[in-house]
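Student: I'm new to this structure and would like to learn how to read it. Could you take me through some of its features, one at a time?

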Amino acid sequence: MNNLNSRQKQAVSYIDGPCLVLAGAGSGKTSVITRKIAYLVDECGYTAHHIAALTFTNKAAREMKERVSALLKGGRAKGLTVSTFHNLGLNIIRKEHKALGFKPGFSIFDAEDAKSLLRELMLKDGDLDSDQLDLTQHHISNWKNDLVTPEHAMSRASSDGEYLMALVYQRYNQALRAYNAVDFDDLILLPVQLFSEQPNILDSWKRRIRYLLVDEYQDTNNSQYRLVKQLVGDRAALTVVGDDDQSIYAWRGARPENMTQLKVDFPQLEVIKLEQNYRSTQRILKVANHLIAHNPHEFEKTLWSEKAIGEPIRIIKCTNEDSEAERVATEILNQKMQRQVSYKDFAILYRGNHQARLMELKLQQHQIPYSMSGGTSFFARTEIKDIMAYFRLIINPDDDNAFLRIINTPRRQIGTSTLETLGNYATTREISMFQACQEIGLQQQLAANTSERIQRFCHWMEKLTIETESEKATAALRQLINDIDYEGWLHQNASSAKVAERRLENVHYLIESIAKMLEPTDPAREPLNLKDAIAKLVLMDLLDRQEEAEVQDQVQMMTLHASKGLEFPHVFILGMEEDILPHRTSIEEDNIEEERRLAYVGITRAEKTLTLTLAGKRKQYGEVLETSMSRFIDELPENDLEQEGFGQYNPEKNQARGRATLDNLKNLFDDL
Ligand code: ATP
Ligand code: MG
């Protein structure tokens, strides 16, 4: 406790009831959580097994775990749960699958799987455009996050359109059941429903989790908050920490109101505010405070720092997006030399993943090592989705989505008409496609050679499945890759041999990760069976890959959303332009406050220097368009900025936007 300030100490040692730590960025909220876990074990007689700490991203969970293990050495952290909400939900469903009516080895549908299922269901009703599909998916997700059942959604529908959507929701849930699958939102919803229907099951989980801590509490949605309330019950052994200024997931149903709701639900709530920031220089902090002061505030917070004033915040305007990326790459090279620091001390943050591509290219050209997270997730790569689909089918033969993904990958000469016959047969008989393949009834409907090919595939899958249940599971998975000659397939389909090789490496990486889960080298880790390992992997997004990346010396690239909770000595934020940050849709929907919070999150990641860049012109929708500088730059205190690329004149701050336009003109002439 020695190096904590008095408020932090108070938050760590308060165990008489529920506790909310409400404080700005970098004030040590996450530190309070990790210290409190150690305190509960060391001073209050809790075993780690009875403590759970929850957060939102895998990266944040991993960081927290590392911080706790450094505090609780010698196996005292054994059995501790530090995970994302979704991971906890998955564990609950896995353990209680029988009560929930699922078979073991159920599948987890990601957004893409869910969308293809929805498409199939909605196509039956006639024409379908992609907007409608997205809208329906979004609605269903919101309903689930708000704990609204299909029946409930139908009964309160206010228009025909909404009623139809609720009907699709119902059919979608039924289809998921038939596939023995859950979607992402179900990972929270199903435990909540189960706990409210079967109090005895809830009781057993309450006996397991005796103290609960939640980081980034401002991002909880309705169902997550309900889960927290259920688990803590009247005992209310609960500490949550959060910052309403960093609430950036409203679009996913997050309810920062859950902070005020806590006081209503737990009148004995102890609220502790932290005010000292330990992360950033005075200037970075001042800039962040100025920006966020433009949002209305429910809770007043003051943040101060004892650190040095620090360097001015640099705003660099480049001609176009290409020169922006080039500039950031060369800045990193120069600063690394000048400051004698490592690549991993730099982070490049951006609003959307599409901004990363050019940046990646430039980093590659300059041979700057980097790792990317929150972007195209490892598990979203085609090759990983293919191989994972094989694994999913092994653990759950009823997973039709997985079946359809791989039946012709690599090609097995099974045409669409065969698949149609197969699909129809399976639907009529209400069985899965894999099961249908094995029925004489179907075989009679197909040409002899087609039927034979399908049989061969099924026998092979069954043989593999049996092998994966033995102690030779890992060998069987490796065999699978050979049997299908996936390497050959990759070479046939990739744009170059190099690309194919990288993809193959990814596949090997996946298998080795599974091998590590089945036969862990670390004795503190419990070996998993294949079913559990695959289920866990589906959730993990990039997880192990990043772990590996972090020990290496690489520039960190990620979206602003993914950067929450993290910190880096030198931060670059790209694309400080209207339509990017704030994002165009948010401007149209007049939702600037959330975008401002997002910018605030980005700025407050920086410890020592902060550089904001923008491009005067940018290619958008296939056209090169003039941009205007983000309004957020206008909101920063000018004396703390060092601007570059805005021409020789240095007009007054409030003319900044006019200046940017003038500059655009200048750039235009430069190009002529
Ligand atoms: P965010 O809002 O961004 O999630 P946070 O409030 O969770 O930030 P932490 O990440 O816990 O803040 O802490 C920020 C930094 O300050 C960390 O590097 C942490 O080690 C350091 N820190 C926290 N408390 C203290 C302290 N009492 N003395 C010195 N350093 C501290
Ligand atoms: Mg934190």
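Student: Which residues come nearest to ligand 1?

Tutor: Keep in mind that this is a predicted model. To read a ligand's surroundings, start with the residues next to it. Here 19 residues lie around ligand 1, and Gly28, Lys29, Thr30, Ser31 and Tyr278 come nearest. Helix α2 is the biggest contributor to this shell, giving three residues.

Student: Where does UniProt place the feature "binding site"?

Tutor: An annotation is a list of positions, which you can then look up in the model. The unreviewed UniProt entry lists Ala23, Gly24, Ala25, Gly26, Ser27, Gly28, Lys29, Thr30 and Arg279. These positions span 257 residues in sequence, yet no two of their C-alpha atoms are more than 13.5 Å apart, so they gather at one spot.

Student: Let's take one of them. Is Ser27 buried or exposed?

Tutor: For burial, count the neighbours; 20 or more within 10 Å makes a residue buried. Ser27 has 28 C-beta neighbours inside 10 Å, so Ser27 is buried. Ser27 sits in the loop between β1 (19-23) and α2 (29-44). Setting aside residues up to four places away in sequence, Ser27 touches Leu274, Glu275, Gln276, Asn277 and Leu303.

Student: And what about Arg279?

Tutor: Arg279 belongs to the loop between β9 (276-277) and α14 (282-292). With 19 other C-beta atoms within 10 Å, Arg279 is partly exposed. Beyond its neighbours within four places in sequence, Arg279 contacts Gly26, Glu567 and Glu607.

Student: Which residues have the most contacts inside the largest nonpolar core?

Tutor: For a core, look for buried nonpolar residues that link up. The largest one has 108 residues, and Val21, Ile37, Ala53 and Leu212 have the most contacts inside it. Helix α17 (residues 382-395) gives the most to this core, with eight residues. Apart from it lies another core of 54 residues, including Ile248, Ala325, Val571 and Ala615.

Student: Which residues of helix α13 are buried?

Tutor: An α-helix has 3.6 residues a turn, so residues three or four places apart point the same way. In α13 (residues 258-265), the buried ones include Asn258, Met259 and Leu262. They cover an arc of only 110° around the axis, which puts them on the same side of α13.

Student: What covers the buried residues of α13?

Tutor: The cover includes β1, α12 (222-232) and β7 (238-242).

Conventions:
Residues are numbered from 1 along each chain as its sequence is written. Chains are lettered from A and ligands numbered from 1 in the order in which they are written. This is a predicted model: local features need pLDDT of at least 70, side-chain atom pairs count only at pLDDT 80 or more; totals for chains, interfaces and linings use all residues. UniProt positions are given in the numbering used here, feature names are shortened, and annotations may be inferred rather than shown by experiment. Helices (H or I, at least four residues) and strands (E, at least two) are DSSP runs, numbered from the N terminus. A residue is buried if 20 or more other C-beta atoms lie within 10 Å of its own, exposed if 12 or fewer, and partly exposed in between; C-beta atoms are placed from the backbone. Two residues are in contact if their C-beta atoms, placed from the backbone, lie within 7 Å. A nonpolar core is a set of buried Ala, Val, Leu, Ile, Met, Phe, Trp, Tyr and Cys residues joined through C-beta atoms within 7 Å. A residue is near a molecule or strand if its C-beta atom, placed from the backbone, lies within 6 Å of it. The arc is that of the directions from the helix axis to the C-beta atoms.
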